[in-house]
Amino acid sequence: MTVLRIRMVGDPVLHTPPRPVVAVDDALRTLVGDMFETMAAAHGVGLAANQVGVDLRLFVFDCPDEETRTMRRGLVVDPVLETDGVPEVMPDADEDQEGCLPVPGENFATGRAQWALFTGTDLAAEPVPYAGSGVSARCLQHESDHLDGHLYLDRLMGRHQRAAKKRLKRNGWVAPSDSWDPSAVEAEEVPRG
């Protein structure tokens with residue numbers, strides 16, 4: 001398996017909704033394996049195909065499930081999201097922190113629904129529902145945003161939005177061709193523009 005380069009904020013591929021998956025073949029199976037490898041190398045909990053520059057509507061995840069107190073690992077092809085509604089108040093700076101691999105090393109308070117359900121299919125075209133609350137729901141919603149062409153930065157409000165704009169400018173993350181290789185950096189290091 002191969003660790004893939006992760007596209008960074010500023011790359012148009014991150015703001016373009018990917019196309020549905022029409023065929024499952026060996027190339028797609030290889031991509032999914034590479035995505036799991038990349039997510040692990042980047043110490044992430046989810047990774048959408050467009051984050052590695054692939055125009056397909058699928059994501060992989062390995063995120064904590066608060067109800068079972070285990071990690072849930074899987075993939076969803078062409079998912080549809082259902083939630084109990086995103087709060088319309090300022091997110092809590094301590095409780096609602098969220099990060100994103102295309103914005104490495106940065107975290108901002110982001111409002112998310114407390115419960116989420118995904119329905120989609122696996123690589124065998126079998127239906128797969130994934131439901132979660134708390135952190136698991138946050139992970140599912142975050143990856144769904146990627147498949148709709150949005151970054152979590154697009155959801156920021158007020159002071160969190162202003163802080164994000166300052167940090168992106170400071171880091172110099174604006175070039176459409178910026179990407180980083182998770183296998184080439186230590187866990188404590190993050191790429192800077």
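1. Helices (H or I, at least four residues) and strands (E, at least two) are taken as DSSP runs, numbered from the N terminus. Just after helix 1, H43 has a positive phi of about 60°.

2. The model is predicted: local features need pLDDT of at least 70, side-chain atom pairs count only at pLDDT 80 or more, and totals for chains, interfaces and linings use all residues. Residues are numbered from 1 along each chain as its sequence is written, and side-chain values use heavy atoms, with hydrogens and water left out.

3. Five strands form an open sheet in the order 2-3-4-7-8, paired antiparallel; two strands pair if DSSP finds at least two bridges between them. Strand 2 (46–48) and strand 8 (127–133) are the edges, each pairing on one side only. From one strand to the next the twist averages 40°.

4. Strand 3 (residues 58–65) and strand 4 (residues 70–83) run antiparallel and are joined by eight bridges. F61 has G74 in strand 4 as its bridge partner.

5. Helix 1 (residues 26–41) lies across strand 2, strand 3 and strand 4, at about 40° to strand 3. Axes are lines fitted to C-alpha atoms, for helices over the stretch in contact, and angles run from 0 to 180 degrees between N-to-C directions; contact means heavy atoms within 4.5 Å. Helix 2 (residues 135–147) runs at about 165° to strand 3 and lies across strands including strand 7 (115–121).
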